[in-house]
Amino acid sequence: MARALVNVPKMARQGEVVEIKAMIAHPMETGYRIGPNGSNIPRDIIRRFACSYNGEEVFSADLFPAVSANPFIAFTLVATTSGTIDFTWTDDVGKIQTASAMITVN
Amino acid sequence: MHALWPLAAVGAAAICGIVSAAGIEDGEERSGVDFMTPETQALQADDMSNPGMLWVLQGEQLWQQAEGRADVACAGCHDDASQTMRGVAARYSAFDAATERPIDLAGRINSCRAERQQAEPLAPESDALLALTAYVAHQSRGMPITPATDARLAPFRDNGRRLFQSRIGQLELSCASCHDDDWGKRLGGSVIPQAHPTGYPLFRLEWQTVGSLQRRLRNCMIGVRAEPLDLELHLTERARGLLVETPAVRP
């Protein structure tokens, strides 16, 4: 069950710069910590975040162990056409979590 | 002379009353949110950036999910949480007639799981239990805390007050030493808040996750180098009238 919060304005004017916010629940385990039994806690972080606008990738970010748990990413897009904005988060174990939101441009 | 003794006793009681209330004057109660940096306050205020909302979201999904041998979801009996659960967190902890003990919100969720859903109880501090508790408590956000008036709770609450004022641990501090007498001052780099449980379960930046009031109390016990105690009833009584904030954010 993906636990993600994405915030995309429902309506925007053509050419308007809109702020997009995306947050996902993830432990972002660095791999540098030692568990209670003395063995390393294996690294498990989100490696890549990507956002596509009507299928075209418009924003992406590579994440590293220094990023906190539940990474929160905010960025801006130029609203061009109505459509869907898709978000994907890919982590170390290859699990891909997704979320999407609609935007209406007029 | 004989007649003066009751008067003296009343006088002493009045002085004791003043002394025990001296920590926080009426009308001076302030939520921990007032002591935080503007950045942390902004994090709590905006539901889109409050990480606690991830747990509320998960709780909302769990609320709808059928569980246990009875194959029934929370929503199966309680229906729409925004109606049926509104105000519940503002009056908890409550008295549980079955065990004849106080029960907190997470405990009630687990007892409901065992009795009605006939499911295994959720582990303390597990994501699922915190998520359901946060979701239920979130329904009371903005309502004033009004602790249950059940008379059967009184002895437990009194015990909580006694514990709150008892010096414990290697550092010989009581909860009241900091949170009643010295709130607003600094301990190291941090401001000492009044210790009102207004937003539990809450997201703690230090923990990088959501945790319960019990977990927070254990933190303070480690801080004064003592063993954990149950104080929740007294704390909610102290916070009477403050607004529920779940899921709150704290540094």
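UniProt annotations such as the one below may be inferred rather than shown by experiment, and their positions follow the numbering used here. With that in mind, the UniProt record, an unreviewed entry, lists "domain: Cytochrome c" for residues 58-145 of chain B. The structure you are looking at is a predicted model.

**The annotated span in chain B**
- Helix makes up 50% of residues 58-145 of chain B, and strand makes up 7%.
- From the C-alpha atom at one end of this span to that at the other is 25 Å.

**The sheet in chain A**
- Chain A has an open sheet of 5 strands with mixed pairing, running in the order β2-β8-β7-β4-β5.
- The edge positions belong to β2 (11-12) and β5 (56-62) of chain A; each has a single partner strand, so one side of each has no neighbour in the sheet.
- In general, the strands of a sheet pair through backbone hydrogen bonds, in either a parallel or an antiparallel sense.
- For β2(A) and β8 (residues 96-105) of chain A, the pairing is parallel and spans 2 bridges.
- Within β8(A), the residue opposite A:Met11 is A:Thr104.

**The largest pocket**
- This pocket has a volume of about 1,100 Å³.
- Its lining counts 41 residues, and those nearest the centre are B:His179, B:Pro193, B:Arg204, B:Arg216 and B:Cys220.
- Two or more lining residues come from each of α10 (175-179), β3 (186-187), β4 (190-191), β5 (202-204) and α11 (213-223) of chain B.
- Helix α11(B) gives the largest share, with 7 residues.
- Sorted by class, the lining holds 24 nonpolar, 12 polar and 5 charged residues.

**The second largest pocket**
- Here the volume is about 860 Å³.
- Of the 39 lining residues, B:Ser93, B:Asp104, B:Leu105, B:Gln214 and B:Glu232 lie nearest the centre.
- Chain B elements giving two or more residues to this lining include α7 (105-117), α8 (127-138), α9 (154-165) and α11.
- By class, this lining has 21 nonpolar, 12 polar and 6 charged residues.

**The largest nonpolar core**
- This core has 33 residues, and B:Trp55, B:Trp63, B:Leu105 and B:Leu132 touch the most other members.
- At least two core residues come from each of α3 (52-63), α4 (74-78), α6, α7 and α8 of chain B.
- The largest share, 8 residues, is supplied by α8(B).

Note on methods:
Residues are numbered from 1 along each chain as its sequence is written. Chains are lettered from A and ligands numbered from 1 in the order in which they are written. This is a predicted model: local features need pLDDT of at least 70, side-chain atom pairs count only at pLDDT 80 or more; totals for chains, interfaces and linings use all residues. Side-chain values use heavy atoms; hydrogens and water are left out. Helices (H or I, at least four residues) and strands (E, at least two) are DSSP runs, numbered from the N terminus. Two strands pair if DSSP finds at least two bridges between them. On a 1 Å grid over the protein atoms alone, a cavity is a set of points where a 1.4 Å probe fits but cannot get out, and a pocket is an open set with protein on both sides within 12 Å along at least five of seven lines; lining residues have an atom within 4 Å of a point. Grid points are joined across faces, edges and corners, and a volume is the space filled by probe spheres set on the points. Ala, Val, Leu, Ile, Met, Phe, Trp, Tyr, Cys and Pro count as nonpolar, Asp, Glu, Lys and Arg as charged, and the others, Gly among them, as polar. A nonpolar core is a set of buried Ala, Val, Leu, Ile, Met, Phe, Trp, Tyr and Cys residues joined through side-chain atoms within 4.5 Å. Buried means under 20% relative accessible area, exposed over 50%, partly exposed in between (1.4 Å probe, protein chains only).
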